[in-house]
Amino acid sequence: MTNETETTRRAALVTGSSRGIGRAVAQELARAGYDVCVNCSSEQGLPAARELADALAADCGVRTLAVAANVADAQEAATLVDAACQEFGRVDVLVNNAGITRDGLIARMKEEDFDAVVGVNLKGTFNCCKAVAQRMMKQRFGRIVNMSSVVGVAGNAGQANYAASKAGVIGLTKSLARELASRNVTANAVAPGFITTDMTAALSDKRREAMTERIAARRLGAPEDVAALVRFLASDEAGYITGQVICVDGGMSL
Ligand code: NAP
């Protein structure tokens, strides 16, 4: 590989990419030629993250890295971003995908379940954005893609914590877009509908059927449906799109 290729190749950090949507995003970006940092929350997920990173390096010929870091912790998030910068020389694309749910009706929702969900989904996104913002402004290029949800737009009974965190992500994204646009750094939110992953695996067949009824496309989404949009938002072609919330939901929110 020539030095020129080394310096012009773009690098992406995808949080929560050991499984589900994040994994599909990491695969999509590696196939598009990005160096990719795969992340999971703890040592427990590291074998899966490493396996993915190794497979992407072998299959796509890109540089990869696997890092366990809890994005809800500001120090761990900063260390994660530092590790990616050290390995690749830069981070051009940050995909804040790490997310959790702790569902329950508000009257019975435990305070720690509210804090945990907001801590990972919203504060984790803030932590990683803060850690990359200055670097992206300095390099006069950056693409931040934050994973929100249709639930953050419309709300959902039983998910007050999750909806609040995902609505917060939208406000954070729009503010970032205003702060960073003049430096050629975009920030957009993706709002998936019902996507088949571990997060939605626990739902009963009855609930799944009821959800499918509400989707115009009459099917649940696949992680790859979301990953394709993330790839576009990360590209040069998407440079004039910022501060937007784009649903990938098969028409569920129409
Ligand atoms: P998933 O299958 O449960 O995977 C979650 C990923 O996030 C895992 O890699 C997990 O790593 C990681 N993660 C969790 N907490 C973390 C933390 N504190 N620090 C770093 N990584 C952490 O979830 P998914 O369905 O793919 O969802 C991905 C994103 O899309 C989430 O933000 C979710 O809210 C959003 N979303 C999903 C749907 C859907 O229908 N699936 C719909 C709308 C929005 P570990 O393996 O270490 O736990």
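Strand S6 (residues 185–192) and strand S7 run parallel and are joined by four bridges. One of the pairs to look for is Ala189, whose bridge partner in S7 is Val245. Keep in mind as you explore that this is a predicted model.

Now step back to the whole sheet. Seven strands form an open sheet in the order S3-S2-S1-S4-S5-S6-S7, with parallel pairing. Strand S3 (64–68) and strand S7 (245–248) stand at the edges; each has a single partner strand, so one side of each is left without a neighbour in the sheet. From one strand to the next, the twist averages 20°. Helix H2 (residues 20–31) packs on this sheet, where it touches S1, strand S2 (35–40), S4, S5 and S6. The direction of H2 makes about 175° with that of S1. Another helix, H4 (residues 74–88), lies across S1, S2 and S3 and runs at about 160° to S3.

On one side, three bridges join S4 to the parallel strand S1 (residues 11–14), and Val14 stands opposite Val95. S4 is also joined by four bridges to strand S5 (residues 142–147), again running parallel. In that pairing, Asn96 has Asn146 as its bridge partner.

Is Asp92 buried or exposed? Its relative accessibility is 0%, so Asp92 counts as buried. Leaving aside residues up to four places away in sequence, Asp92 touches Arg9, Arg10, Ala11, Met136, Gln139, Phe141, Gly142 and Arg143.

Most residues other than glycine have a negative phi, and most peptide bonds are trans. Arg140, in the loop between H5 and S5, has a positive phi near 55°. With a relative accessible area of 48%, Arg140 is partly exposed. Asn184 also has a positive phi, near 65°, and is found in the loop between helix H7 (160–180) and S6. Asn184 is partly exposed as well, because its relative accessible area of 36% falls between the 20% limit for buried and the 50% limit for exposed.

Finally, turn to the ligand. Which of the 31 residues around the ligand come nearest? They are Ser41, Asn70, Asn97, Tyr162 and Thr197. Asn97 places a polar backbone atom 2.7 Å from an oxygen atom of the ligand. Tyr162 uses its side chain instead, with a polar atom 2.5 Å from a ligand oxygen atom. A nitrogen atom of the ligand has a backbone N or O atom of Val71 at 3.1 Å.

Technical notes. Residues numbered from 1 in each chain as written. Predicted model: local features only at pLDDT ≥ 70, side-chain atom pairs only at ≥ 80, totals over all residues. Heavy atoms only, no water. Pairing = 2+ DSSP bridges. Helix = DSSP H or I, 4+ residues; strand = E, 2+ residues; numbered from the N terminus. Axes fitted to C-alpha atoms, helices over the stretch in contact; angles between N-to-C directions. Contact = heavy atoms within 4.5 Å. Near = heavy atom within 4 Å. Polar contact = N/O pair within 3.5 Å; in protein donor to acceptor, adjacent residues only side chain to side chain. Buried < 20%, exposed > 50% of the residue type's maximum accessible area, 1.4 Å probe, protein only.
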